[in-house]
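Biologist: I would like to learn how to read a protein model, one feature at a time. Could you take me through this one slowly, giving the general idea before each case?

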Amino acid sequence: MSRVCKKNPSFCTDEPLAQSQVCQRFTVLRQLLSSCYGPFGRLKQIHNNVGGRVLTTSTSAVLLKAVTFSDPLLKLIATSITEHTARFSDCGLFTGIFCIGLVENANRLQLGAQVASRVYRYLLKESIRYLTSEDCGCKVQVNFSSVQSLVALAYSVVTSKRACLLTPDEAEHVTSLTVQAFLQSIPCDSSGNTCFGRTVTVPVEGHPVRDSAVFSGLLVAVPALQSGDLQMLRPGPYKVVLFSASLSGDLSEIGEAMLEIYTGTNPEASILDQLLKLGEQTVRDGVGLFVCQKVIHPILQHYLKGHGIVVIERLGAALMEPTAQMTGAIMVTSLHSPVPAKAYGQVGGLCLHRRGCKELLQLLPFGEPVISTMLLCHRNEIMLDELKVTCQKAEHILRLSLKEPYALLGGGCTETLLSAYIRYMSQSKATEAATALNCSHSQFQLGTEAFCSSLESVTLSLEHDGQHCLMDHIHAHRWVTAVDTDSPTSALLLCSCGLVKDRPGLEKTPINTEYNLFFPALIKKCDCRPRLLDSFTAKLSGLNVAIEMASSVLNVKYNITDVN
């Protein structure tokens, strides 16, 4: 068949990064990400011109999924950031700001794409070598015998999400709940194959954050259940049966099939008879909790409740797997055959909780808990959605520390320290590195300047109210002074991460200004502990992703767009 319209030729753009319009789009994206960064980041509202829900967030994973990009280079960067956060849950904004800074600084300093890529990858290797070495000044070990480092890790994630709108007390409460849920997911017996538990989040809108709590086992919404139903039960444990098939008795639930019905037969009555036989079997087998993913026929419900069985219907697909994991039950997929004995599970007990008009049934685990439920409360839906995402990401960050029990100093101190180290190292190895990278000495120095300036721009993005950002000349930590101070180098109490105390004679200079190069000194053992920690695994991955994406973008020669 011939085409209705003539096919148009593809549109080709030569040297896209040389186009002022493309560079302007990069600047806008960098400003967008930078303005979201840190505990004082600004919120973003995304909505459609034709109406619909308004999304409020400052989280990169949520923001970049909601924004549509027309430029293919920006789309490439946004996709790499979302894939990074999907795997590591943190450092998405860091990755984006650093990546775009690398691209812009290479253009600003007129550094060729090939040379910039080689220098960036060399400095990336040096950065990872330093961060993974024993003499790294910005790495701390996560001590699992104390919760302090875990709290600092979780607190950094919780306080960086401005859309949660938490007070300091609420942020501390949510942080402690996140750490508690994480610790409950770690099995006590680590012999043999270790299986970690999981945390199920149940959001409740319209209640204060202080009402949030962590429960052992699973919390299930049961609107029709009254406390009197539980008083009739004998003490636990209880046998559990779990149905994934619908028990509504409707013929439509059978699906697409040919039914052969004899004359005088009532199909609905036959199915109801089969449901009652199923109920009789569960009563004989001593079941105490009857759970169904979908709808249960009212007559079957009445029969089961009459025999003292607690009935939960419409559990939903999301809670089926956690319920099966906690109870040990095997999902029953058909009502037309008896329930096998091996399909039954157990719960240790049942307990009813109320949050306002919402009734929640707690399924207590039988033995060591493998499921915990975090009941999250907040004042409205927007803040509750952001809080739910934040707690899930914070717990994932804590799980990553089990694999690599290290963390990096937060508050921008890692970026300033790493920048100072790279500048110092590059000066001593400039000639050797330039020869190995097949570039001139000046090109290597320009590449180093672009790399370090990009790191420092991430640190500067943490402040949004005009504060002075400084770096000390001994440990290379970040310091912040208020806007109304007489001098930008006024005396401070602690650095941004809280590990270094200010003292007389500790020289500081504004970040992104010239200073005499030095090797950041290690901090001797002291009483101070870092208040803010970043994920070691997530930040190393962010460094890798930023360098690879910047190198890919810089090496794009043509943009070819199919306009058909």
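Modeller: Let us begin with contacts: among those in the protein between residues at least 6 apart in sequence, 75% join residues at least 24 apart, where contact means heavy atoms within 4.5 Å. This is a predicted model, in which local features need pLDDT of at least 70 and side-chain atom pairs count only at pLDDT 80 or more, while totals for chains, interfaces and linings use all residues. Residues are numbered from 1 along each chain as its sequence is written, and side-chain values use heavy atoms, with hydrogens and water left out.

Biologist: How many helices and strands are there in the protein?

Modeller: Helices (H or I, at least four residues) and strands (E, at least two) are DSSP runs, numbered from the N terminus. In this protein there are 15 helices and 20 strands, and the C-alpha atoms fill a box of roughly 95 × 75 × 45 Å, taken along the principal axes.

Biologist: Is S80 buried or exposed?

Modeller: Buried means under 20% relative accessible area, exposed means over 50%, and partly exposed lies in between, for a 1.4 Å probe and protein chains only. S80, which sits in helix α3 (residues 72–88), is buried because its relative accessible area is 10%. Leaving aside residues up to four places away in sequence, S80 touches V545 and M549. Of the 564 residues of the protein, 51% count as buried.

Biologist: In what order do the strands of the open sheet of three strands run?

Modeller: Strands of a sheet pair through backbone hydrogen bonds, either parallel or antiparallel; here two strands are said to pair if DSSP finds at least two bridges between them. The open sheet of three strands has the order β17-β16-β18, with antiparallel pairing. Since β17 (478–481) and β18 (508–510) stand at the edges with a single partner strand each, one side of each is left without a neighbour in the sheet. From one strand to the next the twist averages 40 degrees, with axes being lines fitted to C-alpha atoms (for helices over the stretch in contact) and angles running from 0 to 180 degrees between N-to-C directions. Strand β16 (residues 468–472) is joined to β18 by three bridges in the antiparallel sense, and the bridge partner of M471 in β18 is T509.

Biologist: Which helix has a kink, and where is the kink centred?

Modeller: The bend at a residue is the angle between axes fitted to the seven residues ending there and the seven starting there. Helix α13 (residues 413–436) has a kink of about 75 degrees, centred on K429.

Biologist: Which helix gives the most to the lining of the largest pocket?

Modeller: Helix α6 gives the most, with six residues.
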